[in-house]
Amino acid sequence: MAQHSKVLRRKLTDMEIFPLTERKVATREEKSGPEAFFGKLHSSFLRAVKAAGGAIEHFYDMGGFKIRLCFAGSTMLPLITRALSHLESGPDPCSHLTICLWDSRSTGIDIPPPPWSQDDYLKRGEIGGYYDEHIYTHYDLYTGILSMLDLRQNIALYWLSDAKEFFYFETGAPLLTIFNWWMERHEKQMVHAAAVGTAAGGLLLVGKSGSGKSSTALACLDSKLLYAGDDHCFVETKPKPYAYSIFCSGKLSPKDFGRFPFLHEPLRYAKQPYGEKALFFLQDFFPQKMAKGFPVKAIFIPRITTRPETQIKKTSAVASLTALAPSTIFQLPHAGHEAFTFLSAFVKQVPAYTLELGTDVSGVTRAIENFLLVHG
Amino acid sequence: MNFIINKNIAHEIIDGEAIIVNLENGNYYSLDKTGADLWNFVEKGLDVPEIIEGLAQRYEGNRTEMENSVRQLLADMEKEGLITINQETKGEKHRGILAPGEGELKNGKKLLFESPTLQKYTDMQAMLWLDPIHEVDETGWPNTPKFSEEN
């Protein structure tokens, strides 16, 4: 498998990692609010960097922005970077967003106790009172990951107690919450969708888990089509509908292994807890098939059928919005009216179709290729 | 009596179909044809007689059946937390928007009235922590399920 390169290990100064340009005396309210907690948490990160012997930086081009990941030590590197490896770029001193990542177990640095109460945990892991216009906070009660973003400084913090307890699915879509918060402020919306196509144009595959998004996207690896994600991507509406890749991960149910013989090698190296989907990283095996993005020509809603042939049928924009909006919004902390309005505008710009999936996998990709030849 | 759409409700009408999402509990809904027209009238602040009149100008059908359907659908929407009776109604009249707009009728003819139903979807509830109460460890952070590197 390909190894990740472009690792930059050096000691960073506090100001490099946390370039506060507007340091000021905090008011009483700020001392106990989200800004104060962000500051305390970041101080823990700086101590973790020192304890780990330095910071390790990785840089990525995502959606037209330069993202810098700054790790305290190497423990979390393989957990985070593999899904982003297709977007990796060279060091850049002018990153748009810096994300600081660490765990307490490997660095020996604890973080302060949460200043909020149990009642402040909301339904999607948001923390009541700990997000405002500038600072967002999320604690995932399932994975134990704490995420914070300060939009004024374009710095995010990503912490968990013990990297050895990192949930394997998180390695396929790490930093999802932070990416979403930040991109939505830059006129891009994360969507729960797969994306496949060509450099000239592609399509989103939308719908609930189990509807055939992932398997359809993976089928395209054995065709002329490019792959930009099987579960998440960013979209924008201006100047034209466009999709950006985020992760190069893929997932496949054990029951489908036999239908995808070309995935034999990735599946050999896949992580797969008993009974769960196998998770693998396609940049390691299909680097030429990875796309950073393309114009969106259509939204496809897959439907699994028992017929051998695949059919594509026009459907309504509301069907498209129904398949796209709820499953996107309810997995993203803080997503609400703005995301819904964005997605409504998006589906009005892009025609929608039902993709009635045939059992013949090659027929699925032929149907998509033919569609894009006509509509691309 | 008219209604207001609740704050936690996101909604959109496109090409005569409506999608309504309750951002609070994860439920979402669809309405087609008459139901989408009714939702449009609710959004514009029409009262119940105006909603019935607006539908009667677009659809051919038994007036009593139409009234019963409207009242039932409004009751369903209220029960689902989508709308609330507007206590501050100012008695505005909306006669100007009751008449069908251009393209709303097919060849100038009314469509046959079909009793609207609120199609409800609950599959997103599983994505929300409906009861995010939890135990905490000695540091104050919530206990989470344990995963190992091999998982």
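Predicted model: local features only at pLDDT ≥ 70, side-chain atom pairs only at ≥ 80, totals over all residues.
Residues are numbered from 1 along each chain as written, and chains are lettered from A in the order written. Local features need pLDDT of at least 70, and side-chain atom pairs count only at pLDDT 80 or more, with heavy atoms used for side-chain values.

**The sheet**

Chain B holds an open sheet of 4 strands, ordered β2-β3-β4-β8, with antiparallel pairing. Strands are DSSP runs of E, at least two residues long; two of them pair if DSSP finds at least two bridges between them. β2 (9-14) and β8 (119-121) of chain B are the edge strands; each has a single partner, so one side of each lacks a neighbour in the sheet. β2(B) pairs with β3 (residues 17-22) of chain B over 6 bridges. There, His11(B) has Ile20(B) as its bridge partner.

**The rings**

Rings of Phe, Tyr and Trp (its six-membered ring) pair if their centres lie within 6.5 Å; planes under 30 degrees apart are stacked, over 60 edge-to-face, the rest tilted. Over all chains, the count is 24 aromatic pairs. Trp116(A) and Tyr130(A) form an edge-to-face pair, with 65 degrees between the planes. Both lie in the loop between α5 (104-107) and β6 (135-139) of chain A, so the pair ties together parts 14 residues apart in sequence. Trp116(A) and Tyr130(A) are both buried (under 20% relative accessible area, 1.4 Å probe, protein chains only). They belong to one aromatic cluster, which also includes Trp141(B).

A charge sits over a ring if NZ of Lys or CZ of Arg is within 6 Å of the ring centre and within 35 degrees of the ring normal. Lys314(A) does this at Tyr353(A).

| Contact | Distance |
|---|---|
| Lys314(A) charged end to Tyr353(A) ring centre | 5.2 Å |

Definitions and conventions
Buried < 20%, exposed > 50% of the residue type's maximum accessible area, 1.4 Å probe, protein only.
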